[in-house]
Amino acid sequence: MKHVLVHVRCNAAGAIRREKLNGRDVVIVPSATMPDDVVMNGIKYPADEIAKSFKTLERTPAPLGHPNVNGRFISATDPEGLNQSFIGAYNTNVRRENGRVFLDKVIDVARAQESAGGRAVLGAIDKGEPVHTSTGVFANLEAAPAGNAYRFVARDLNFDHDAILLHEPGAATPDQGVGMMVNAQGQTEDVEVINSVLAEGERDLELAVLAVASALEKRERTPLSERFKAAAKALLGAERETPVTEKEDEMTVSKEQVDALSAEVKTLSDSVGKIPENITKALGDVLANALKPLTDQLAANAAEQKAKDEAERKELTDKVLKANVLDEAAAALVPLPALRTLAANIKSGVAAPLGGGFQANSDEAGAFQLPKGE
């Protein structure tokens, strides 16, 4: 069995956050590594081995690059490694979700500003430049059973660090091995280093899952009323006209707008069609749960407005029928705004009857009689 160190290069993904931690300004960079059963460079990393070991990443250094002395890699926890590459960053919140290891890199801003490397990282983050990560993990390689597409199975994983990479090329030649000087109780040993890069498909999966996780975290921090307001403004437009008949701040929603929302949901659903089936289902569930309060409220508003309009139409129709301005069939064809105008004129005693065949009786406002001689 051969003992090796593997560097697994990934994209940092998800929303970079700025927070206060123990009274200090920090920048938090989400990251991910090691999908279950991934095969890289002919080595399989079984899910059960990852499950047993992923917590060893908790509270490990997040150096700038993989520290090395005289071209030979050293452990990030070695004093020389800390002196060379530590920028005030470490890994925490390590968890395993949906067959993938996720973690956060916490960068202490004041500590990072003390070194040129730390300032470079903060500057890249401020400019929105790409930030990559690379996990350093020790493993024992066991020969794979005959007939498999891979040559080795990684056992007894032990994570040493998860580094931040800036302006570094990818792992040069994936199967290139170099010596690593490891200080273990005063002993020095050479360990082969294997550079690996996750496949593009794996990075796409990482980005999709982290995007959902980030959206869920943001959703949990946002009150329902604010989520509804933001979604409604995006759908209806921030400068809707207030209906003439309504003096309230309440929002009126039409059937067309509800249909538009349904179309938006369908578009979102279609956009994830190329993501693997399990991720598609997860995204669909997240979208449905997130939008349900909004769609329910929109439907309730539309139903309430329809009931108000029907009640108002009945009341106005009764008025114009009673005043003999229109018959029932004609009133049914008149738009609601026109009915409002007719009803208002009847109330003030100056309604103009259709065709000029009626005139107002000045003794009783709102009553009509045939003109003399007809």
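Modeller: A salt bridge, as the term is used here, is a side-chain nitrogen of Lys or Arg within 4 Å of a carboxyl oxygen of Asp or Glu, and a search of the whole structure finds 16 of them. This is a predicted model, in which local features need pLDDT of at least 70 and side-chain atom pairs count only at pLDDT 80 or more, whereas totals for chains, interfaces and linings use all residues. Residues are numbered from 1 along each chain as its sequence is written, and side-chain values use heavy atoms, with hydrogens and water left out.

Biologist: What makes the contact of D162 with K105 a salt bridge?

Modeller: The N to O distance between the side chains of D162 and K105 is 2.2 Å, and the cut-off asks for a Lys or Arg nitrogen within 4 Å of an Asp or Glu carboxyl oxygen, so the pair qualifies. The two residues link distant parts of the chain, with D162 in strand β11 and K105 in strand β9 (residues 100-108), 57 residues apart; strands here are DSSP runs of E with at least two residues, numbered from the N terminus.

Biologist: Why are D162 and K105 called buried?

Modeller: Buried means under 20% relative accessible area, exposed over 50%, and partly exposed in between, with a 1.4 Å probe and protein chains only. D162 has 0% relative accessibility and therefore counts as buried, and K105, at 0%, counts as buried too.

Biologist: What makes strand β10 largely enclosed by the rest of the structure?

Modeller: Of the 12 residues of β10 (residues 132-143), 10 are buried, and the strand is therefore largely enclosed.

Biologist: How do you know that β10 and β11 pair?

Modeller: Two strands pair if DSSP finds at least two bridges between them, and β10 and β11 (residues 152-165) have 11, in the antiparallel sense. Within these strands, G136 stands opposite H161 in β11.

Key. Helices (H or I, at least four residues) and strands (E, at least two) are DSSP runs, numbered from the N terminus.
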